[in-house]
Amino acid sequence: MIEFINASKTYPNGVKGLKNVTLNIEQGEFVAIIGLSGAGKSTLIRTVNRMHDVTGGQVIVDGIDVNTLKGKELRRFRRKVGMIFQSFNLVTRSTVINNVLASMVPDMPWYRTLLGLYTKEQKIQALEALDKVGILDKAYTRCDQLSGGQQQRVALARTLNQNPSIILADEPVAALDPITAKAVMSDFRRINKEMNISILLNIHHVDLALDYADRVIGIRAGEVVYDGPTKDVTQEVLDLVYNGKPIPTTADEK
Ligand code: ADP
């Protein structure tokens, strides 16, 4: 479970990214965070794995206040919390399987990493992760030969290879065309349901949030203004979250 207790984030320049956020996210939930650009979506996600530290209140994951974690404990915790970015963050000149295997590096002696000496079991595990996202046939292809959707699936497989209990995804489909974005959102949903991994995902396009997530959190100027089941998101809720401004959907891009 992820708990935000009165969590706030004020950046060193005085900008308030989050203001007194209190939320509970149960294991296995699929939550989409929506809001205008600059609303605080990314800040919220990044306080879970300590890419940003809260400056007030607490973020508690499975009973542990994440801000108390240091060194080895913090590294171990971060393996439990996978992170996916808009820009995929792959080593594009390397093969798909090597990118997936790279997620095992913290557990390996340095000389094995240096020489790329992965065990048979590690390679099988990496291939299984690729199979889960439907790109097993691309295992020995260089990442720069893949489409954006395939690259995001490699990033997802790399994260799955860490056996996470939570996946944080910061605008994971923003760089993809609408059809590919839907396919990648279905992958997230399938993984969420099949593996009971909690997914906390920022998303620009509201239609994708409404089609795939179970729960929606609407943020406006650092504050949670809606938190509830996707089916209860009405036009009124969207007007509140988007402050009466145009509501972004994938239809805008067709
Ligand atoms: P979103 O993800 O909804 O677009 P962010 O969480 O990125 O919003 O940003 C929330 C607010 O915090 C914005 O006003 C943004 O400019 C500010 N902000 C984000 N990161 C930083 C930073 N590293 N330093 C200063 N201000 C930041």
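Which side chain of opposite charge is nearest to Glu3, and how far away is it? In this predicted model, the nearest such side chain is that of Lys80, 11 Å away, and Glu3 is buried yet has no salt bridge. Glu3 is found in strand E1, which covers residues 2–10. Leaving aside neighbours within four places in sequence, the contacts of Glu3 are Leu23, Asn24, Gln58, Val59 and Ile60.

Strand E1 belongs to an open sheet of four strands, ordered E2-E1-E4-E5 and paired in the antiparallel sense. The edges are formed by strand E2 (16–25) and strand E5 (64–65); each has a single partner strand, so one side of each is left without a neighbour in the sheet. E1 and E2 run antiparallel and are joined by six bridges, and Thr10 has Lys16 in E2 as its bridge partner. Five residues lie between the strands of this hairpin, in which Gly14 adopts a positive phi near 95°.

A second open sheet contains six strands in the order E6-E7-E8-E3-E9-E10, with mixed pairing. Its edges are strand E6 (81–85) and strand E10 (223–229), each of which has a single partner strand, so that one side of each is left without a neighbour in the sheet. On average, neighbouring strands of this sheet are turned by 15° against each other, direction ignored. Within the sheet, strand E3 (residues 30–34) pairs with strand E9 (residues 215–220) in the parallel sense over four bridges, and Ala32 stands opposite Val216 in E9.

Helix H2 (residues 71–80) touches E6 and strand E7 (166–170), and its direction makes about 65° with that of E6. Helix H6 (residues 148–160) also touches E6 and E7, but its direction makes about 170° with that of E6. The buried residues of H2 are Leu74, Phe77 and Arg79, and these pack against E4 and E6.

The largest nonpolar core comprises 51 residues, of which Phe188, Leu201 and Ile203 touch the most other members. Beyond neighbours within four places in sequence, Leu201 is in contact with residues including Phe30, Val31, Ala32, Ile33 and Phe188. Apart from this core lies another, of 28 residues, among them Ala39, Met83, Phe85 and Ile219.

Eleven salt bridges are found in the whole structure. In one of them, the side chains of Asp62 and Lys80 meet at 3.0 Å, N to O. Asp62 lies in the loop between E4 and E5 and Lys80 in helix H2, so the pair ties together parts that are 18 residues apart in sequence. Asp62 is partly exposed, with a relative accessible area of 37%, and Lys80 is likewise partly exposed, at 29%. A salt bridge also forms between the side chains of Asp214 and Arg189 (3.5 Å, N to O). This pair links distant parts of the chain, 25 residues apart: Asp214 is in the loop between helix H8 (206–212) and E9, and Arg189 is in helix H7 (residues 178–195).

The side chains of Arg215 and Asp227 meet in a further salt bridge, at 2.8 Å, N to O. Arg215 lies in strand E9 and Asp227 in strand E10, twelve residues apart. Arg215 is buried, with a relative accessible area of 11%, whereas Asp227 is partly exposed at 35%. Through salt bridges that share partners, Glu29, Arg215 and Asp227 are joined into one network.

Methods: Residues are numbered from 1 along each chain as its sequence is written. This is a predicted model: local features need pLDDT of at least 70, side-chain atom pairs count only at pLDDT 80 or more; totals for chains, interfaces and linings use all residues. Side-chain values use heavy atoms; hydrogens and water are left out. Two strands pair if DSSP finds at least two bridges between them. Helices (H or I, at least four residues) and strands (E, at least two) are DSSP runs, numbered from the N terminus. Buried means under 20% relative accessible area, exposed over 50%, partly exposed in between (1.4 Å probe, protein chains only). Lys and Arg count as positive and Asp and Glu as negative; His and the chain ends are not counted. A salt bridge is a side-chain nitrogen of Lys or Arg within 4 Å of a carboxyl oxygen of Asp or Glu. Contact means heavy atoms within 4.5 Å. A nonpolar core is a set of buried Ala, Val, Leu, Ile, Met, Phe, Trp, Tyr and Cys residues joined through side-chain atoms within 4.5 Å. Axes are lines fitted to C-alpha atoms, for helices over the stretch in contact, and angles run from 0 to 180 degrees between N-to-C directions.
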